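Have the model open beside you as you read.

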Amino acid sequence: MIKKKAPEQHNDFEDAFIREIDEELKNEKIKNIWDKYGLYIIIFVVIAVFSAVSFESLKAWNDRRNQEMSDTFAYALNLQNQGRFAEATEVLDNLAKSGHGIYTNIAQMQKANLLFEQNQLEQAIVVLQNIINDEDFNPQMRNIAILKLASYKLNNAPAAEIKDLLQPLTEEQNVWNDTAKELLAMLAIREKDFSEAQKLYTEISNSPKVSETLKTRALDMINVLEQK
């Protein structure tokens, strides 16, 4: 019985010995890799950890900053609604100077609205003109400023000036194309060019992207102009 177990004990010894050698070889390989690349591994890990922490920190900071800007803008609107225009203007000016993305643009647009509300038309027009001239301003908000300024100039500004102002919006791919054409049609009526006005209203009514409200308004104006 004892002699029969000897080979098994011998095999167990060999297996353990082989495993020990394998472990030593693995450790030696790891040591060699570490000796050769250890510094780079450390740098990589540090960069990875730092990047993750920095991204999360930056995101949290940006979210908090956006919330602060939103709260500040809401505060300015609340002051305006209370008729505290001077205070609202000061808050909007500070927000416009903050350099924090879209809120700086929104603050300037709202300042123009506030000035119009106080009937300070010249100052409001200056603000809108500055927005239009600022190539770094949000493009869609610049377009709104153009429409707003054109509508206020519609009563008395030279026709050529209003046409030049609206020209960038009359391109077919511009989302404000139909609205710009409506202002130009109103300008044509002011100038007693009824055929041009009818042409523009027809283009608006046939536009594939026109809103139902604007389309209805255009059709009504076409009916009125046909009676001229």
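Residues 24 or more positions apart account for 46% of the contacts in the chain with a separation of 6 or more, where contact means heavy atoms within 4.5 Å. What you are looking at is a predicted model, in which local features need pLDDT of at least 70 and side-chain atom pairs count only at pLDDT 80 or more, while totals for chains, interfaces and linings use all residues. Residues are numbered from 1 along each chain as its sequence is written, and side-chain values use heavy atoms, with hydrogens and water left out.

The secondary structure comes to 9 helices and 0 strands, and reading along the sequence gives the pattern α-α-α-α-α-α-α-α-α. Helices (H or I, at least four residues) and strands (E, at least two) are DSSP runs, numbered from the N terminus. Of the 228 residues of the chain, 29% count as buried; buried means under 20% relative accessible area, exposed over 50%, and partly exposed in between, with a 1.4 Å probe and protein chains only.

Now turn to helix packing. Two packed helices are described by the angle between their axes and the distance between the axes. Helix H2 (residues 85-96) packs with helix H3 (residues 102-117) at an angle of about 155°, their axes 8 Å apart. Axes here are lines fitted to C-alpha atoms, for helices over the stretch in contact, and angles run from 0 to 180 degrees between N-to-C directions. H2 and H3 are therefore roughly antiparallel, a label for angles over 145 degrees, while those under 35 count as roughly parallel, 65 to 115 as roughly perpendicular and the rest as oblique. On the H2 side, the contact is made by Phe85, Ala88, Thr89, Leu92, Asp93, Leu95 and Ala96, and on the H3 side by Tyr103, Thr104, Ala107, Gln108, Gln110, Lys111, Leu114 and Glu117. These residues divide into 8 nonpolar, 4 polar and 3 charged; Ala, Val, Leu, Ile, Met, Phe, Trp, Tyr, Cys and Pro count as nonpolar, Asp, Glu, Lys and Arg as charged, and the others, Gly among them, as polar.

In the loop between H2 and H3 you will find Ser98, which is partly exposed at a relative accessible area of 27%. Ser98 and Met69 are 29 residues apart in sequence, and their C-alpha atoms are 9.0 Å apart in space.

Next, look for aromatic rings. Rings of Phe, Tyr and Trp (its six-membered ring) pair if their centres lie within 6.5 Å; planes under 30 degrees apart count as stacked, over 60 as edge-to-face and the rest as tilted. By this rule there is 1 aromatic pair. Phe116 and Tyr152 form this stacked pair, 3.7 Å centre to centre with 5° between the planes. Phe116 lies in helix H3 and Tyr152 in helix H5 (residues 139-153), so the pair ties together parts that are 36 residues apart in sequence. Phe116 counts as buried at 10% relative accessibility, whereas Tyr152, at 37%, counts as partly exposed.

Finally, follow the chain to helix H7 (residues 177-190) and helix H9 (residues 212-226), whose axes come within 12 Å and cross at roughly 20°. That makes H7 roughly parallel to H9. Asp178, Thr179, Glu182 and Ile189 in H7 meet Leu214, Arg217, Met221 and Leu225 in H9. By class, this contact has 4 nonpolar, 1 polar and 3 charged residues. Asn177 is also found in H7, and counts as buried at 1% relative accessibility. Leaving aside neighbours within four places in sequence, Asn177 is in contact with Leu169, Thr170, Glu171, Glu172 and Lys209.
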